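Let us walk through this model together, one neighbourhood at a time. Have the sequence and the coordinates open as you read.

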Amino acid sequence: MRILGIETTCDETSVSVVENGTLVISNIVATSSDLHAKSGGIIPEQAARKQIEYIIPVLEKCLEETSKTLKLKFNQTKKRQISEILNSTIDAIAVAVGPGLIGSLLVGVETAKTIAFVTGKPIIPINHLVAHIYANWITESATSPYKTTNSHIHKPKGHSVPELPAIALVVSGGHTDLVYMKNHGKIEWIGGTKDDAAGEAFDKTARLLGLPYPGGVYLSKLADEYLSIPQNKHNKLNLFPRPMIESKNFDFSFSGLKTAVLRKIQDKDNKMTKSELAAQIQEAIVESLVYKTLKTIEKYKPKSLIIGGGVSANKRLREMFVNQISTSYPHVKFFAPIPKYSTDNAAPIAACAYFNYKPTQWKLINANSSLTIAGEK
Ligand code: KG4
Ligand code: ZN
């Protein structure tokens, strides 16, 4: 089964075609992040306008790529080709309905509903945060049989997907959630941030360091530079607090970090370089995330531990999870997405729809900016 996914929750406009929830056939992402970089953060109105500008070209490009990957041959005019590809290769439409910025969300949701209305194909509404988890089912492996239309192969050869039950940590720019995933569609929220999200902590502290938007990306690059210098390896990275790390629940708190960083920057005696500060900040965020997430293992006894969302692209976060799990919990398998599928894109939307296949009447589908990972408003 091939699902066309659409994701327009924030400043990325993405359309993707995924086969059987795992194999990416085409994935196109346009972003207006350069525009927001100038203002140091997202301006929702501008993000929504860019979504409108990008959505049809991105859809068109995705379908063109799909026909190339599948080696389809059409003789019609370009315009007919697009509807032809859509009609002949796509089985269902999936769209991220929330959470996100309402103006941006509406563009993807209304586009998806229109496609479903015109083609009569099933449409599946998808929770953006749950979809981040499904980035871990995605592969680009060329070993899969692209030729077959009704392939019953659920995963390409050699591609290992998470076994359930699993614990998933979803870390994005606006959310930090820990969930127990008993099965597909059975997600129990077990903890999350009390204030700022992990991505927000990266972005806000990066701004204090004078780094551009999106801060997490630039801050982690600086931190990596610091950590790549051999003599820095032995320096202690415990300057900033790890609030709530010893609390008995599975919650996090990151809002204190920016105050601590601001104090350090304003301290006249501060001799730390920007890259050391970046490494210190990164370590505080990463250690809080890893420590709390691992605490869930004793209670929930998962087979897999999964991370997803923009912050899951972070190298140090992946490294710390791999090290800790291999030494303390070798029976648990750790999964992190191929990095480009960590951040917002439509492939996980399509993958999520395959494993949670609940077609809904297009009339009943609405954008919901404040949806939570467990589905409540
Ligand atoms: O999931 P995502 O692409 O969008 C939202 O749903 O928010 O996550 C974006 C967040 C931003 O806060 C960005 O700074 C952060 O993910 N991010 C990173 C890295 N790459 C993206 N944070 C730390 N290290 C990274 N390598
Ligand atoms: Zn996201």
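Start with strand 1 (residues 2–7), which pairs with strand 4 in the parallel sense over four bridges; strands count as paired if DSSP finds at least two bridges between them. Here Gly5 has Ala94 of strand 4 as its bridge partner. Before going on, a word on conventions: this is a predicted model, in which local features need pLDDT of at least 70 and side-chain atom pairs count only at pLDDT 80 or more, while totals for chains, interfaces and linings use all residues. Residues are numbered from 1 along each chain as its sequence is written, chains are lettered from A and ligands numbered from 1 in the order in which they are written, and side-chain values use heavy atoms, with hydrogens and water left out. Helices (H or I, at least four residues) and strands (E, at least two) are DSSP runs, numbered from the N terminus.

Strand 4 also runs parallel to strand 5 (residues 123–127), joined to it by five bridges, and Ala96 stands opposite Ile126. Seven of the seven residues of strand 4 (residues 92–98) are buried, so the strand is largely enclosed by the rest of the structure; buried means under 20% relative accessible area, exposed over 50%, and partly exposed in between (1.4 Å probe, protein chains only).

Between these strands, follow helix 4 (residues 102–119), which makes a right-handed β-α-β unit with strand 4 and strand 5. Right-handed here means that, with the strands pointing away from the viewer, the path from the first strand over the helix to the second runs clockwise. Helix 4 holds Lys113, which counts as buried because its relative accessibility is 9%. Leaving aside residues up to four places away in sequence, Lys113 touches Ile123, Trp362, Ile365 and Asn366, where contact means heavy atoms within 4.5 Å.

Next comes the zinc ion (ligand 2), coordinated by His128 (NE2), His132 (NE2) and Asp344 (OD) at 2.0 to 2.1 Å. Donors are N, O and S atoms within 2.8 Å of the metal (3.2 Å for Na, K and Ca), and the site may look incomplete, as water is not among the atoms. Both histidines, His128 and His132, are buried. They lie four residues apart in helix 5 (residues 128–134), so about one helical turn separates them.

Finally, look at helix 10, whose buried residues include Leu317, Met320 and Phe321. Among the elements that its buried residues pack against are helix 7 (215–227) and helix 9 (274–300).
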